[in-house]
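Colleague: Could you walk me through how the labels in this model are assigned? I'd like to see each one set against its cut-off.

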Amino acid sequence: MPDTPPNFHAPASDVERSRLNVDRGAVPAPPPVLAAAALSKGYRSGDRRIEVLRGVDLTVAAGESVSIRGESGSGKSTLLHLFAGLDSPDTGMLAWEGRPALPPEHRAAFLGLVFQSFYLIPELDALGNVLMASRILHPPGGAERERAQELLQRVGLAERGHHLPAQLSGGERQRAAIARALINRPRLLLADEPTGNLDEKTGDSVIELLLGLCAETQTALVLVTHNAAHAAKTGRQLFLHNGVLG
Amino acid sequence: MPWYLYLALKQLFPTGRRFPFFTAISVMGVALGVMVLVVVTSVMGGFGSEIRRMIVETQGEVQIKAQNPIDDYSAAIRLLDAQPDVAAATPISEGGVLVEHSKHVAYSFIQGMDLATVDSVFQLAKYIYEGSLDNLDDDSVILSSQLAAALAANVGDRIEVYSPLLIESLKSDTVVLPREVRVVALMEIGHQQLDSSRMYGTMRFVQGIYGLGHSVHGINVRLKPGTDEDAAAARLNAVLPGTLRAFSWQDSFQEFLWVLGLEKGMIFFLLLIIVVVAAFSVMSSLLISVVRKTREIGLLGALGGRPRQVAACFCAQGFIIGLSGTVLGLALGFALLAVRNDIVLGLARATQREEVLKRFYQFSQLPAHTLPGDVVEIVVFTLVISTLAGLIPAWRAARLKPVEALRNE
Ligand SMILES: Nc1ncnc2c1ncn2[C@@H]1O[C@H](COP(=O)(O)OP(=O)(O)OP(=O)(O)O)[C@@H](O)[C@H]1O
Ligand SMILES: [Mg+2]
């Protein structure tokens, strides 16, 4: 195990320690999938500093679904990037299943990501895109191919596996992206406005699918959305306002 | 296959697209460079080996020279004939003379040949385009085409030869008249330097005008086929008496060969620039691809791809383009070489210059000789330069931070 990774920040106090459920000795319950304490993040813009996050606390248990809403520019994407270990907080602490957020190659096995604009690789067909996430971990074998096919079927793209992203509709692309996010059996799925680019009806069905799949596979879900109806379907509804979650 | 190589291949040859247009353009650029390099170095190599053939056929591969005229040359020839490397040997005498014909005067180099053995070493008959070697006797000569032109002399004409001996005799107040000889044949070897101002006569004739008595200036040697000339010269030097030294034709034509090599090197270097230009186009298309794919590259990082793997993905694309271009270029180059004579002949026919072509080159075929070393150099250079072309795009891609790349909407 390497030393403290850059995005790991030692707990500031014993209070934080206890809140994080880390190092507490013999605890019967498993550690939460995601534990964040006092995360803060600011950006320099010119000679001013904007504090986007001012101490975010969040614990997500295995299989739990959480929605985060907030105004545009309130820092939802910033927060999700911190959760994903793509960016490091200025202060505060983050743990994945009780351990510090891991180096990038472990990220792929631990969490799945879904974005507003799909980010499918245009040269790969739907199946290739789904398999890409597992390919980065190790060259895929028969089991991975089977699982990819299964996931495609589950998201309703069984017949479209060999279509390029350009040949798929927006909803179909997001379904492929969801299948890609789930291929490595992650413990946590982070979705940043996954329906932002879809019409209402398509969006509704994508959310249904996402929630259904996560429940089925006991994958924890953090869903950033502007849509109150979608948020209402999650287990816990949170708001990001003035840099804190409430 | 690691994911970055897989992705590199997929980006160049996308699934389901029959003809990868962008890749084809980059590959074509590299292929054209390689093709031109292969064709030009082969044809230059062809001219080089033609020249080698001409020199060897008219001089032999090894020349034995001495400080002073060799008196007992038949003993030396017997010694040479006994050597395993030697196929045949013939004595020669040579020197400069002045020649005159109907008020035209020219300086010429004359070579005297032993008619009994000369055929086994030189293939002069092959280069005679008018008259015949059979008519050569002690009162006649063969002129090189350029000397014949300078003297306005033709077969059957009589020309006068002034030797240095004549000038010596003027000092001692005796009068020696120039030798009048007949022109029995004209010859052309096909190379400026070998054709310049030369004439050939019998051994007795040259011995006569030089006052050599029975001695000769040197012995030219033909080696058994496939013998390395320099090594053979060294072996001959070990057995020859100290007064005689063997020189390979490469030794004798050292400066000329150096100039030939320099010419080839310069042309090779200039043509390499084509490959460099092709590499720039590979680099620019890869850079465009990095900029266009910023978000996808960010996603690969988010999925766990490491920066150096992302870099390897783009370097590999440069390498694959280089490799495809090299293979295609070699194929095109060798195909072009295979039909080169049809092209040259077609051009000559179209411009009605077929005869000119034959007269100037002695061969109606464009020579080509591909050296494996040249091909290896071309392949290695192309692969290295096109992989390097992937390096700057790769570095740009590796520098992208996933967060920033993903925000780039
Ligand atoms: N790299 C950066 N440099 C400077 N400011 C930044 C940077 N990234 C984000 N910000 C700022 O941080 C704030 C939060 O951005 P973020 O994208 O997290 O908002 P959001 O809640 O996701 O908004 P939206 O709902 O529109 O997606 C914004 O004011 C944004 O301008
Ligand atoms: Mg956002």
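Colleague: What makes B:Lys293 and A:Glu123 a salt bridge?

Modeller: The closest N and O atoms of B:Lys293 and A:Glu123 are 2.3 Å apart. The rule asks for a side-chain nitrogen of Lys or Arg within 4 Å of a carboxyl oxygen of Asp or Glu, so the pair qualifies as a salt bridge. Between chain A and chain B the count is 1 salt bridge.

Colleague: Good to know. What are the ground rules here?

Modeller: This is a predicted model, where local features need pLDDT of at least 70 and side-chain atom pairs pLDDT 80 or more, while totals for chains, interfaces and linings use all residues. Residues are numbered from 1 along each chain as its sequence is written, chains are lettered from A, and side-chain values use heavy atoms, leaving out hydrogens and water.

Colleague: Why are A:Phe115 and A:Tyr119 called a tilted pair?

Modeller: Their ring centres are 5.1 Å apart and their planes are at 55°. Rings of Phe, Tyr and Trp (its six-membered ring) pair if their centres lie within 6.5 Å; planes under 30 degrees apart are stacked, over 60 edge-to-face, and the rest tilted. Therefore this pair is tilted.

Colleague: And why does A:Phe115 count as buried?

Modeller: Its relative accessibility is 7%, and buried means under 20% relative accessible area (1.4 Å probe, protein chains only), with exposed over 50% and partly exposed in between. A:Tyr119, at 3%, is therefore buried by that rule too.
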